[in-house]
Amino acid sequence: MDTKNIMIVGVGGQGTLLTSRILGGLAMKAGYDVKLSEVHGMAQRGGSVVTFVRYGDKVAEPIVEEGQADVLIAFERLEALRYAHFLKKDGVIIVNDQRMDPMPVVIGNARYPEHILEELSEKYTVYAVDAMAEAKKLRNLRTFNVVVLGMAARYMDFSKEQWIEVITATVPPKTVDVNLQAFEVGYNKKGEQTV
Amino acid sequence: MSEKVLMLGNEAIARGAYEAGVKVSAAYPGTPSTEISENIVRYKDCIYAEWSPNEKVATEVAIGASMSGVRSMASMKHVGVNVASDPLYTVSYIGVNGGMVLVAADDPGLYSSQNEQDTRAVARAAHVPVLEPSDSQEAKDFVIAAYELSEKYDTPVILRTTTRLAHSQGLVELGERQEIPDKPYEKNIPKNVMMPGNAIKRHIYVEQRELRMSQDGGRMDINRVEYNDTSIGVITSGIPYQYVKEVLPEASVLKLGMVNPLPRPLIEEFAAKVDKLYVVEELDPIIEEQVKSWGISVIGKEIFTVQGEYSANLLRKAMLGQDVTAVPADVPVRPPILCPSCPHRSTFHVLKQLNLHAAGDIGCYTLGAVAPLNVVDTTVCMGSSISTLHGMEKAKGKDYIKNWVAVIGDSTFMHTGVNSLMNMVYNQSTATVLILDNSTTGMTGHQDHAATGKTLQGDHTYAIDIVGICKAMGVPSVQFCDAFDIAKLRPMIKAAVESDELSVIVVKGPCALLEKRTWLTPCHIDPEKCRRCGMCMKPGCPAITKKDDGSIVIDDTMCNRCGLCEKICPFGAISRL
Ligand SMILES: Cc1ncc(C[n+]2csc(CCOP(=O)(O)OP(=O)(O)O)c2C)c(N)n1
């Protein structure tokens, strides 16, 4: 198999690390060679963060190059736009439809771009979900990552059973049930393609 | 074949230490090296591991353990090597009894650092061999190889990593722990006491050792030649090796595992067999300049940058002239910020109100330098806030620093700040020093230190009393204040800067990521009372934003209920419901 390139982007503290580890675990279980690249340190303090997951028969570099990502999972709209140029021509974006203003916007030095999803849809296939709203319904805000992952699961090479197995093994034991519910919610959101 | 697991580079280094039979590990946290110690803790039944107060101490702990006959490790980020360089340069002369490895984590691209220095340059100057792995599996294997070389050649060995290696995960095959018997300790003054007469002789040994390792390098498994099409040859190491494999799968590659000393005969042989020779190395032209000095022509930094991280696309452009980079959208940047409810924000808000400059230091509070706070004026290295302010006072007089304070975190104070404060007492400073005590090493992800009362393993221990140290040193005024009690903190700082005596104020407030105030409800703005004056937005809390219609709202999923905005609002419009 050609190496598959996944990117997970978001705002420091949003849980991109956990998400990439779930994906890495899946790919390993499925018998692929896997490499993951993470961001630790300074950027974790509310900065823009990106993690890469690559799997295939043999993976050399741990990062995804510009123009080579198959799937971009974004936990925030602006971050989807920031990293969209990493996607291949026919790349898929799964985006949590949430706005978090970066400090330059908060203090009035920059404007938060409007119509991000519409703009991205002109070039890529975009699937959006308000995962925070879904997580609120589940009464556990932290599950929003897994809602997004549930949606992304439709566009990757693993069976639903494999996903469930790895999520169960990766999330904190007390939160397995609610995370599996969150996964279901995202998984069933299939087809809500924007524009 | 034994089990394979996904491991972070740093996790694999910890595993390597375990398998190599290491018995003592000492470190001070620093991105991207921190997770080494955090993973070594998993082997606490067989490895003693500690957070030392700084890298010099950690390195000396490792030296002592090695002298006593066991395998030891010290780990740190690249700038930590500067702090540790005093013992490092001399232990190079002494060599080892039990093997000793110093892990140095460089940060090309400055993901989390104050400079982009190349540890290989330090290692060359100190005549210490350096191994550099290319993925997690090698990270583990090279640790084991490093101990073998250390004992064989009687030298400490540096394992050099970079952020990309340290923080990437790859598959690693696990092995068993080797039980290495302790070497007997023998009193050996010519080897272990570095006074001039002995050091002169050891220096001769060091030069011979380096030559011998360079000659032997061709027979070391960690240096590998992959002959392919010989029209292009590439000398590379570490993570850049992976980019070379992506871009030039057909080329011949000399993959160096040992990057100091360079295996000269091997390189000469390789160079003779290929037509066009490149050196691909991140940061400084360390390999390139040496190879060029031997009269071999290579292409290096004339087409590659000395700054930042490389990538396959960067190589494609430089070596093949293929520009495949895409144009990113023009979007606002998202720089790192202080978290909602960070106690530093409260302190900086007060400093801003008082119109003070802050001589800054290294930690989360360095973020006080950026908008909208803009209070931190300077940042050099750990501990420097106090000493640079002292220098300003001695240069310009005590009135000059009446609108200045030094700000330093608790972990940084324990690291090297204490020395600087000692100097202020000794040389009669009148400055004001704020120790921002959030009870943890925040920036690097919450590590304990000598003043938190917990060890690396999480066990309880004696917590060194910061107020007590300052008093014991003889600081004339030592006070304490809750970071969020701005009504008290403001006059306290004002009086301290105006007074003609040295003052320390320990400003206490737990790191917001460690204290979730879930027993309180989030702050809320009453739209009836809010006059949209924007005062609450001045300290730059990310939970408070202005909507397009001009109304100001607090995101209750982000608010951590510190109540700073409630205290600032002039109209009583904010409350914790
Ligand atoms: C010599 C050196 N060692 C380690 C580091 C990594 N580092 C950056 S900030 C910091 C300490 C932060 O802790 P503290 O001073 O308590 O401030 P906080 O981040 O908690 O606000 C460390 C260890 C460094 N920059 N330099």
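This briefing covers chain A, one arginine of chain B, the cysteines and the ligand site.

The model is predicted: local features need pLDDT of at least 70, side-chain atom pairs count only at pLDDT 80 or more, and totals for chains, interfaces and linings use all residues. Residues are numbered from 1 along each chain as its sequence is written, chains are lettered from A and ligands numbered from 1 in the order in which they are written, and side-chain values use heavy atoms, with hydrogens and water left out.

**Chain A**

- Chain A has 8 helices and 6 strands; helices (H or I, at least four residues) and strands (E, at least two) are DSSP runs, numbered from the N terminus.
- Along the sequence, these elements of chain A follow the pattern β-α-β-β-β-α-β-α-α-β-α-α-α-α.
- The radius of gyration of chain A is 16 Å, which agrees with the value near 16 Å for a compact globule of 195 residues. This radius is taken over C-alpha atoms, and the globule rule is 2.2 Å times the number of residues to the power 0.38.
- The C-alpha trace of chain A spans about 50 × 40 × 35 Å along its principal axes.
- Of the 195 residues in chain A, 64% are buried. Buried means under 20% relative accessible area, exposed over 50%, and partly exposed in between (1.4 Å probe, protein chains only).
- Among the contacts in chain A with a separation of 6 or more, 64% are between residues 24 or more positions apart; contact means heavy atoms within 4.5 Å.
- Chain A has an accessible surface of about 7600 Å², and 48% of that surface belongs to carbon and sulfur atoms. Accessible areas come from the Shrake-Rupley method with a 1.4 Å probe; for residues, only the protein chains shown count as cover.

**B:Arg164**

- B:Arg164 is in helix α8 of chain B, which covers residues 163–166.
- B:Arg164 counts as buried because its relative accessibility is 9%.
- The side chain of B:Arg164 makes a polar contact of 2.7 Å with the side chain of A:Ser37, and another of 2.9 Å with the side chain of B:Tyr111. A polar contact is a pair of N or O atoms within 3.5 Å; within protein, one must be able to donate a hydrogen and the other to accept it, and residues adjacent in sequence count only if both atoms are side-chain atoms.
- Leaving aside neighbours within four places in sequence, the residues in contact with B:Arg164 include A:Phe52, A:Pro62 and A:Ile63 from chain A, and B:Ile239, B:Tyr243 and B:Glu309 from chain B.

**Cysteines**

- A disulfide is a covalent bond between the sulfur atoms of two cysteines.
- Over all chains there are 0 disulfides, counted as pairs of cysteine sulfur atoms within 2.5 Å.
- The closest cysteine sulfur to that of B:Cys470 is in B:Cys481, and at 15 Å it is too far for a bond. B:Cys470 is buried, at 0% relative accessibility.
- For B:Cys511, the closest cysteine sulfur is in B:Cys339, 6.3 Å away and so too far for a bond. B:Cys511 is also buried, at 10% relative accessibility.

**Ligand site**

- The ligand is surrounded by 26 residues, and B:Glu55, B:His344, B:Asp410, B:Thr412 and B:Gly442 are the closest. A residue is near a molecule or strand if one of its heavy atoms lies within 4 Å of it.
- A polar side-chain atom of B:Glu55 lies 2.5 Å from a nitrogen atom of the ligand.
- An N or O atom in the side chain of B:His344 is 2.7 Å from an oxygen atom of the ligand.
- B:Asn438 has a polar side-chain atom 2.9 Å from an oxygen atom of the ligand.
- On its own the ligand has 590 Å² of accessible area, and the protein covers 97% of this.
- Helices α4 (78–83) and α17 (410–426) of chain B are the elements that give two or more residues to the shell around the ligand; α17(B) gives the most, with 4 residues.
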